[in-house]
Amino acid sequence: MQGAERLIFLGWLLKGTLCQGGVEGTDCTNPPWNTSVSVSPSGPVIEGSAVTLTCSSDANPPVIRYCWYSVRGGNTRATGFSQVLKTKIWADNTHFYCEAKNMCGTQNSTITQLHVLYGPKTMSVSVTPSGPVFDGAMVNLTCSSNGNPPVSNFTWYSVKGDQVVLVGVKKRQETMVSAEVHQFYCEGRNDHGEQNSPMIEVVVLYPPWNTSVSVSPSGPVLKGSSVTLTCSSDANPPVSSYCWYSVDKSKTRTVIGSEQNLTVANVNGSTQYYCKAKNQHGSDNSTLLQLDIQYPPWNTSVSVSPSGPVLEGSAVTPDLQ
């Protein structure tokens with residue numbers, strides 16, 4: 001190798017690019033120019049489809065090495081080292097360019113962006129107003145997605161336990177929320193697929209409801225024994241205070257406690273119980289509870305028929321009560 005050629009060759013090596021290589025003894029006339037990328041098939045492609053990218057360039061001497069790069073969010077990554085690149089195309093990987101190199105230098109093509117068609121992605125939902133609302137309030141739900149072509153079909157659903165109910169078919173949906181119905185999600189659909197959003201839960205404020213009383217031990221209890229009564233209620237914010245009442249045969253109501261759990265000693269069958277649950281938005285009473293009290297025989301007595309004096313030897317019928 002002559003001195004001038006050696007200097008050119010060493011300078012080329014010092015560039016430190018991924019596209020390395022050379023042909024010794026080749027006269028250097030022009031570096032690559034008119035470097036461009038062609039795509040087959042041309043036009044839009046469906047996500048996951050295979051495409052063929054071809055790098056073309058004028059150069060003298062001819063191009064000795066091609067390099068392919070993909071660009072994602074400002075980051076560049078080498079993806080191939082031949083004139084033709086065959087690859088699958090995804091929605092987040094649509095920008096490519098090639099680099100052509102000969103002994104005289106390099107040239108990059110412009111960045112080629114492929115038009116990729118794909119179903120809904122990154123579904124998201126929002127609610128207005130965004131903070132807590134009262135039971136029975138109206139809210140606006142908005143569904144968003146980045147499908148290509150843009151998602152045009154939206155369907156809203158409410159979720160109550162295992163029940164899923166259609167709410168509406170608009171991108172922005174107005175609906176009423178309640179203590180029972182406050183969870184929602186949307187489905188987005190275009191010609192290339194469908195996707196559901198995450199669940200959104202609206203914070204609903206409401207007074208206590210479904211207030212009930214449970215007994216421990218459950219089932220029948222012996223007269224004179226003790227039981228523990230528990231008051232339960234659904235409320236948001238949670239119940240802040242409880243009040244227990246007893247009701248006797250004359251329907252007289254008496255306050256007997258203020259805790260969620262109440263122990264009743266020496267129970268009898270003539271008293272009923274109920275509780276009241278309260279928060280800052282209202283209160284709710286449970287239904288009356290009648291304990292199933294069991295007891296052994298008592299006040300045992302005997303009556304005779306016929307009553308009054310009887311003749312000796314007459315028959316009488318005793319009645320044990």
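The accessible surface of this protein comes to about 18800 Å², and carbon and sulfur atoms hold 51% of that. Keep in mind that what you see is a predicted model. The protein has 321 residues, and 33% of them count as buried. As for secondary structure, there are 31 strands and one helix. Among contacts with a separation of 6 or more, 60% are between residues 24 or more positions apart.

Now to the sheet. Please find β11, β13 and β16: these three strands form an open sheet, in the order β11-β13-β16, with antiparallel pairing. Which strands stand at the edges? They are β11, residues 124-128, and β16, residues 172-176. Each has a single partner strand, so one side of each is left without a neighbour in the sheet. On average, neighbouring strands here are turned by 25 degrees against each other, direction ignored. Between β11 and β13, which covers residues 138-144, there are five bridges, and the two run antiparallel. Within this pair, S126 stands opposite T142 of β13.

Last, a single residue, D248. Where is D248 found? It sits in the loop between β23, residues 241-247, and β24, residues 253-257. Is D248 buried, partly exposed or exposed? Its relative accessible area is 32%. Buried would need under 20% and exposed over 50%, so D248 is partly exposed. The D248 side chain makes a polar contact with the side chain of S250, at 2.8 Å. Along the chain, D248 and S270 are 22 residues apart, while their C-alpha atoms are separated by 6.3 Å.

That is all from me.

Key:
Residues are numbered from 1 along each chain as its sequence is written. This is a predicted model: local features need pLDDT of at least 70, side-chain atom pairs count only at pLDDT 80 or more; totals for chains, interfaces and linings use all residues. Side-chain values use heavy atoms; hydrogens and water are left out. Helices (H or I, at least four residues) and strands (E, at least two) are DSSP runs, numbered from the N terminus. Buried means under 20% relative accessible area, exposed over 50%, partly exposed in between (1.4 Å probe, protein chains only). A polar contact is a pair of N or O atoms within 3.5 Å; within protein, one must be able to donate a hydrogen and the other to accept it, and residues adjacent in sequence count only if both atoms are side-chain atoms. Two strands pair if DSSP finds at least two bridges between them. Axes are lines fitted to C-alpha atoms, for helices over the stretch in contact, and angles run from 0 to 180 degrees between N-to-C directions. Contact means heavy atoms within 4.5 Å. Accessible areas come from the Shrake-Rupley method with a 1.4 Å probe; for residues, only the protein chains shown count as cover.
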